[in-house]
Amino acid sequence: MMMIRHEPQRTRLTIPNHKTIAKGTLRSIIRDAGLTVDEFIELLNR
């Protein structure tokens, strides 16, 4: 398990340490991070 902290809002996210993450779990993590799915994909492609 990994914890990530986003400083401006002091939000903590818990990310499971698995090779695959269930679609619903990933969407929940993205939402908790304050991102849209499109913003998340854009960040992955950088």
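## Ala33

Ala33 counts as partly exposed, because its relative accessibility is 27%, and partly exposed covers the range between the buried limit of under 20% and the exposed limit of over 50%. The residue belongs to the loop that runs between α1 (23-32) and α2 (37-44).

Thr11 lies 22 residues from Ala33 along the chain.

## Model and confidence

The structure is a predicted model. Mean pLDDT for the protein is 82, and 78% of the residues reach a score of at least 70.

Helix α1 has the highest mean pLDDT, at 91, while strand β1 (residues 2-6) has the lowest, at 58.

## Secondary structure and contacts

The protein contains two strands and two helices. Their order along the sequence is β-β-α-α, and the loop holding Ala33 is the one between α1 and α2.

Taking contacts between residues at least 6 apart in sequence, 0% link residues at least 24 apart.

## Burial and surface

The protein has 46 residues, and 9% of them are buried.

The accessible surface amounts to about 4300 Å². Carbon and sulfur atoms account for 52% of that surface.

How values were computed. Residues are numbered from 1 along each chain as its sequence is written. This is a predicted model: local features need pLDDT of at least 70, side-chain atom pairs count only at pLDDT 80 or more; totals for chains, interfaces and linings use all residues. Side-chain values use heavy atoms; hydrogens and water are left out. Helices (H or I, at least four residues) and strands (E, at least two) are DSSP runs, numbered from the N terminus. Buried means under 20% relative accessible area, exposed over 50%, partly exposed in between (1.4 Å probe, protein chains only). Contact means heavy atoms within 4.5 Å. Accessible areas come from the Shrake-Rupley method with a 1.4 Å probe; for residues, only the protein chains shown count as cover. pLDDT is the predictor's confidence in each residue, from 0 to 100.
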